[in-house]
Each structure stands twice: as C-alpha cells, then as structure tokens.
Amino acid sequence: MPSVRRSGDPFDPKVLFKNAASNIICQLVFARRSDYSDDTSPKVVQKLVEALYLQRTVWGLLYELFPGIMKHMPGPHNTIFSNYLDVEDFIRKEVERHKEDFDPNNPRDYIDAYITEMQSGSSDTEGFTESNLVLNSLDLFLAGTETTATALLWSLVLLIKHPEVQKKVQSEIDTVIGQSRPPSMVDKANMPYTEAVIHEIMRIADIVPINVPRVAGRDTTLGGYFIPKGTPLWTNLSSVMFDKTEWETPEEFNPGHFLDSEGKFRRRDAFLPFSAGKRVCLGEQLARMELFLFFVGLLQKFSFSTEEGVELSLEGEVGAERTPLPFKVFIHTR
Ligand code: HEM
C-alpha cells in the first residue's frame, strides 16, 4: 500500500478490542467507562477473559469431564472459579454503591433499572433478586465482550485479506460521511456496501458455530424427529451459514451475498449469527450497532495490513467461540 503512511510497529489488537467491547458493557451496567489504564474494571475484564480462556484449555476440559476428581487437584482450572468469584464480588460492590444514591426517577444504568423493578412490588417481579442481578450482570459481560471483540478481530483479518474490499468500504465512507464527523447509525441506510461487508464478515466468521446449549422445555417434534422434554440441544448455526442451497458461494468471502442487482442491501434468511427464535441473542441490536460504528469509525481514519509475506488464516480456534488465530496488524493513518 504505497499511498498510506506506516505508523508504528505491528501489534496484536485482541486486548484493545476486548477492552473496548467490555467498556461498552461497563457503561450499560455501571454507567461508567474506564480509561484503558484504569486498574479497576479492566482488571475485572482481564479476570473474565482469563477464566474464559482457561475454560477452553486442557485443564478446563479435564474439569468438565472429571469434576469430582479435578476439584481436588491443583492446577490452573482452579483460577476459573476464583476469577468468577472475584468478578461477582466486584459487581456486588457496584450494586451496593448504586443503592447509596439510587433515584428511581432517574435510572442511570442496568443496575438502577433492575433495582427499580425489584422495588416495584409488582407480582411479576419474582426472580428479581439481588443475586440474580449480580449473575445477570456477569452474563452481560460474558456474552457481550468476547463475541464483539472476536467479530472485530475477524473484520480485520478479512479486510487485510481483501484489500480491494477495504478500499471500496473506505470510498463509500468518504462519499457518505467524509472525514470531518464521526459515523452515526443514521448513515447505515445510505451505506449498502458497508452493510453487506459487515454481514458477510459475520457469516464467514461464524463466531458461535454450535450455538449455546439449550434444553427442550417440553416434548416436541422437529423435522420428523421426536425430541423428549429435557433433551440437551445444540443447534448448528454453521450448517445454515454455509448451506449450499442458501448461498451462491458459501465457502467464499463474497459481500455480493447481501447485495441485489442494483447494489442495494439484501437481507438473507439464512444469516443467523445471533441465532433465532425466543432465545435469540439478547444483545443483537447492541452488537449490530457496535459493529457498524467500530467498523466504520476505524476504516474512516485508518487502513489495515499485516506483516510482509504473512498470509492470515481463516481457520480459527474453536472453543465456545470461533476466534482468529493470533495475528499482528499494521495501522496506517489515512
Ligand atoms: C458479535 C456479537 C455477538 C454474537 C455473534 C452473539 C451471538 C449469540 C448467540 C448465538 C446466542 C445464543 C442464542 C441461542 O441460544 O439461540 C447469544 C445469546 C446471548 N447474547 Fe449474544 N452475541 C453477540 C453479542 C452480544 C452482546 C453485545 C450482548 C450484550 C448485551 C449479548 C448478550 C447475550 C445474552 C445475554 C445471551 C443469552 C440470551 C438467553 O439466554 O436468552 N450478546 N448471543
């Protein structure tokens, strides 16, 4: 890329993206963000990220298989539990802090809204307890940090692998938004190519390949198969997002999957990275906003490449999520 200026060494963007994604959940749950050098919330995030990582290691898997034995054994798997307890403790302190200056007429965040519901005395507030508040908040961090950060990492991988797509998105940004103001959600409707690229990244990235495990709540029949109540279910999202009968070039990165013959954005029923139905991702709308604003904001100001001669892989590491293999990125100011 001769026309852009290289600034700085290549680096692994993982931590930066995780901090950015978790900061958004911090804002939602605690009504405050933290500076990346602040040693409170990021530490909590680090503990979460470490616990999630350990769950995927051989130690975590051994614990899953033999909990009765492993709980007596020393090893890194014990850190999973101590980290979760630390995070819960942090959130519990936040709840106490919120109660001190709580104003039901002026809810600041998720914790305030939850406390309001708890205190409303309404008959359908059963289950709105303080311990559920702590665990639900933890859930928002667990579900909303790694997923979003992973989507952004895959975005860089795919943009680096397809510089022509990167250029075309930048050209749409320059036409619709320009360089003098940040992107806003209103711009989305005028940026069909960018929307198509983000969707195609999410399809190819296939971040949650076998979805979140669920249990059949009652006897049911699906596609001719009887599924008794209590059966554990993993719905295979990959099978839909790479379905040969749904996509023109299922294995290929092709933003055209989401564009019609006039270049307008086209929705596809088989696009299910957030799953579907009653248990669909709770954060889908938030995640879509985050992805659009991060993606456009980054490409408005920067171009991305990797080290000379390095071919980034689409293989990914598959645990609960499918994450890119570690890679380094060069950031060039535009
Ligand atoms: C790229 C980003 C994301 C992807 C790909 C993603 C994907 C998913 C998927 C596949 C599920 C399982 C749905 C099912 O069981 O059928 C899920 C559940 C969930 N997600 Fe997301 N998610 C993302 C971002 C977020 C964010 C930002 C939040 C935070 C607010 C969030 C909160 C949740 C929660 C709380 C659940 C559990 C819902 C339930 O049990 O009913 N997700 N997500």
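**View 1. Cys-281 and the iron atom of the ligand in the predicted model.** The SG atom of Cys-281, at 2.3 Å, is the only protein donor of the iron atom of the ligand. Donors are N, O and S atoms within 2.8 Å of the metal (3.2 Å for Na, K and Ca), and sites may look incomplete because water is not among the atoms. Cys-281 sits in the loop between helix 11 (237-241) and helix 12 (284-301). Helices (H or I, at least four residues) and strands (E, at least two) are DSSP runs numbered from the N terminus. This is a predicted model, in which local features need pLDDT of at least 70, side-chain atom pairs count only at pLDDT 80 or more, and totals for chains, interfaces and linings use all residues. Residues are numbered from 1 along each chain as its sequence is written, and side-chain values use heavy atoms, with hydrogens and water left out.

**View 2. Salt bridge between Arg-32 and Glu-94.** The two side chains meet at 2.4 Å, N to O; a salt bridge is a side-chain nitrogen of Lys or Arg within 4 Å of a carboxyl oxygen of Asp or Glu. Arg-32 is in the loop between helix 1 and helix 2 and Glu-94 is in helix 5, 62 residues apart. Glu-94 is buried, with a relative accessible area of 4%, whereas Arg-32 is partly exposed at 27%. Buried means under 20% relative accessible area, exposed over 50%, and partly exposed in between (1.4 Å probe, protein chains only). Arg-32 and Glu-94 also belong to a network of salt bridges with Arg-97. The structure holds 19 salt bridges.

**View 3. Salt bridge between Lys-47 and Asp-86.** The closest N and O atoms of this pair are 3.0 Å apart. Lys-47 in helix 2 and Asp-86 in helix 5 are 39 residues apart, and the pair links distant parts of the chain. Lys-47 is partly exposed at 26% relative accessible area, and Asp-86 is partly exposed at 36%.

**View 4. Salt bridge between Glu-311 and Lys-161.** Here the closest N and O atoms are 2.7 Å apart. Glu-311 lies in the loop between strand 6 (302-305) and strand 7 (317-318) and Lys-161 in helix 8 (residues 146-161), so the pair ties together parts that are 150 residues apart in sequence. Glu-311 is exposed, with a relative accessible area of 66%, while Lys-161 is partly exposed at 25%.

**View 5. Nonpolar surface patch.** Val-58, Trp-59, Leu-62, Leu-65, Phe-66, Ile-69 and Met-73 make a nonpolar patch of about 660 Å². Patches consist of residues with over 30% relative accessible area and no salt bridge, with nonpolar side chains (Val, Leu, Ile, Met, Phe, Trp, Tyr) joined within 5 Å and like charges within 9 Å. Areas come from the Shrake-Rupley method with a 1.4 Å probe; for residues, only the protein chains shown count as cover. Helix 3 (residues 58-65) gives the largest share of the patch, four residues. Met-73 is in the loop between helix 4 (67-70) and helix 5 (77-100) and is partly exposed at 38%.

**View 6. Positive phi at Ala-31 and Asn-211.** Ala-31, not a glycine, has a positive phi of about 55°. Ala-31 is in the loop between helix 1 (14-30) and helix 2 (41-56). Asn-211 has a phi near 60° and is in the loop between helix 10 (192-205) and strand 2 (214-215). Asn-211 is buried at 15% relative accessibility.
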